[in-house]
Amino acid sequence: MDAPVIEIRDLTKVYRMGEVEVSALKGVSLTVERGEFVAIMGPSGSGKSTLMNILGCLDRPTAGTYRLDGIDVSRLDRDQRAEIRNAKIGFVFQSFNLLARTRATENVELPLLYGNLGLTADERARRSRASLARVGLAGREDHYPSQLSGGQQQRVAIARALVTDPAIVLADEPTGNLDSRTSEEVIAIFQELNDAGKTVVLITHEPDIAAHARRVVYVRDGLIWRDEKIVQTRAKLGGPAAGEAEPAIAFPFTIAPPAEEKLEEVAR
Amino acid sequence: MKVATLRLWNITKVGLQAILRNKMRSLLTMLGIIIGVACVITMVAVGTGASSSIQATINSLGTNFIMLFPGASTQGGARTFSGESKITTEDVDAIKAECPAVAYVSPSVRSSAQVVAADLNWGTTVYGVGVDWPFIRAWNVADGDFFTDVDVRSAAKVAVLGATVADSLFPGGNALGSTIRIKHLPFKVVGVLDRKGGNMMGQDQDDQILAPYTTVMKQLQGTPRLGQVLISARSAGEVAEAQTEIDALLRQRHRIQPGEESDFSMRSQEEIASTSAQTSKTLSVLLGSAAAISLLVGGIGIMNIMLVSVTERTREIGIRLAIGAKGRHVLLQFLLEAIALSVVGGAIGVALGLLIPNLVTRFAGLPTQVSSGSVLLAFGFAAAIGIFFGFYPARKASRLDPIDALRYE
């Protein structure tokens, strides 16, 4: 219980593109404790996506170690990583990635189909319903993705991520396809989950989304450039103007380089 | 173990659901297999039907049956004969008298003729045969009697009618004792044969008239030579012996020097049967392999659709891989889908394959015989095709990189 959920040491990732070698990560070390809510930010090409792929055990680092929930996963093969993904990680994607023409409850059940829990159909359905209820979709179990709004679809995806009770929830731009109001709703769910003790790692390039996390890790040029804890109140959650109303939450963090100084000011 | 079984079942269900979700496409994909399997079964049924009807006809000749033809036989079993038959009625008498292994002998000469009775007429075949004919063909007279030895010796104008001829010329059933005219010559009807019905090739065996061969040769043909001779050995075991005896006798009678070719040839029922079996087997194989090709094409159709399906569902595969499906789970899912398509297609094909031969028999009049072997073979082949052609697309799906697959639009 005391071990960090994520423990990365000197992680590098080199892609070979023909003759050219591209270093996407140049030695990243990061520790995420249980129960944290971390936002990983960075412009495109920063290595953010590569880091997310490695964190999600979708890819393997070139060098360095990655311990997830106490297990060294940096040298696992394809199938072993699939097992880890199934058991330890709950994915939430930008484009929801639900199976079309498949009911909400069946979508949520999907990870249980491949897991080692050996659940019967009834148990799977029960867990799926519980998970959907947790994201506020009780009563929508039999809806198809096409019958749900974007926010509801993303909530189905979150329910799917939660159904295996993973060590971390890894959300890759979860609000990228949503309008700001729905984004707030979705982010609120992540905050609720985090309040309930779930470790959440959020990858985003939107500062106002990152502002809802408790810690922001900024990646640039394949390195962790900044790692900040955010002190914030949750009073204004869900409000459309949360950022403006509460100056403490205002995160003056943009992707453009001129914002760097501002960030440092805020950090100090 | 229980977990793995449960998972296998779940993945099976996933594969089957995919088929149900794309009903139209699944049906079209299966169509190739359906047609292929139905074709194989039907073609083999037609081939087997033809073959077994020929066999039945030949077998109905009796197991101790020997046929004597004019002309030499050549090695391939083909007969080359032109010119006059050297077999005479005296030869026939000699065979009967001097070959102990021979039970019955009857010449057989044929002539097509228009037959008239009162105001009705009928075109049929007149066979000139001997009195042993009913014993050789195991064919009895239903009404009246067969003609006698005296009739044969005197070349009497008497006739025994096949049931169809009797029905056609004498709808009232008063054939016996009446007079019919064959090529303007009056013949007295002395008997009507048992009804045998059509043989399985669709020929009506009852559409014939039997008359003494002497009469037919003199009055209808005008030749002293015999077309063929039907012979019965005393038993099935004495067929070879009878053939040896006849061969020796006729060579002596025809004064053929040793080493010289005979001017006659013989076929036992067994030989005729095996020759025709060979022919119809070739026919079956030919039909069956043409159909098997269509089955193969159906299999390629499945592969094609599965490849399209894998590409189209790259995103789905990516999702499954990301949330913890292993390569082999995805492989299994797509493989099972392909197998299910071909097995269901195969089953529908089998159903059609059982139905179509019936329709062929009913509407085209061709004998058919569905063999369980061809059904099993076609179905097994269809299933095997599913595995074979489903494997490549399924492996392709299972080897996708989850990151790329998730990014796929």
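Tutor: Two residues are in contact if their C-beta atoms, placed from the backbone, lie within 7 Å. Keep in mind that this is a predicted model.

Student: With that cut-off, how many residues of chain B are in contact with chain A?

Tutor: On the chain B side there are 19 residues, and they are in contact with 21 residues of chain A. Helices α1 (2-21), α10 (314-322), α11 (327-364) and α13 (402-407) of chain B each supply at least two residues of that side. The one that gives the most is α1(B), with six residues. By type, the chain B side divides into 10 nonpolar, four polar and five charged residues.

Student: Next, A383(B). Why is it called partly exposed?

Tutor: Count its neighbours. Buried takes 20 or more other C-beta atoms within 10 Å, and exposed takes 12 or fewer. A383(B) has 18 C-beta neighbours inside 10 Å, so it counts as partly exposed. Its place is in helix α12 (residues 372-398) of chain B.

Student: Which residues is A383(B) in contact with, leaving aside neighbours within four places in sequence?

Tutor: I339(B), S342(B), V343(B) and G346(B). Also, the C-alpha atoms of A383(B) and G345(B) are separated by 9.1 Å, though the two residues are 38 apart along the chain.

Student: Which residues of helix α7 (residues 213-221) of chain B are buried?

Tutor: Y213(B), T214(B), T215(B), V216(B) and M217(B). They pack against β2 (102-117), β3 (120-129), α5 (149-153) and β8 (208-212) of chain B. After α7(B) comes G222(B), whose phi is positive, near 70°. For chain B as a whole, buried residues make up 43% of its 409 residues.

Student: Over in chain A, how do you know that strand β3 (residues 37-41) and strand β9 (residues 215-220) pair?

Tutor: Pairing takes at least two bridges found by DSSP. β3(A) and β9(A) have four bridges, in the parallel sense, and that passes the test. One pair to look at is V38(A), whose bridge partner in β9(A) is R215(A).

Student: How many bridges join β9(A) to strand β10 (residues 223-229) of chain A?

Tutor: Six, and these two strands run antiparallel. In β10(A), R226(A) is the bridge partner of Y218(A). The hairpin of β9(A) and β10(A) has two residues between the strands, and there D221(A) takes a positive phi near 55°.

Student: Last one: what is the handedness of the crossing where α3(A) passes α5(A)?

Tutor: It's a right-handed crossing. Helix α3 (residues 104-114) and helix α5 (residues 150-162) of chain A pack at an angle of about 35°, with axes 7 Å apart. A104(A), N107(A), V108(A), L110(A) and P111(A) in α3(A) meet V156(A), A159(A) and R160(A) in α5(A). The residues of this contact divide into six nonpolar, one polar and one charged.

Methods: Residues are numbered from 1 along each chain as its sequence is written. Chains are lettered from A and ligands numbered from 1 in the order in which they are written. This is a predicted model: local features need pLDDT of at least 70, side-chain atom pairs count only at pLDDT 80 or more; totals for chains, interfaces and linings use all residues. Axes are lines fitted to C-alpha atoms, for helices over the stretch in contact, and angles run from 0 to 180 degrees between N-to-C directions. A crossing is left-handed if the near helix is turned anticlockwise from the far one by less than a right angle, and right-handed if clockwise. Ala, Val, Leu, Ile, Met, Phe, Trp, Tyr, Cys and Pro count as nonpolar, Asp, Glu, Lys and Arg as charged, and the others, Gly among them, as polar.
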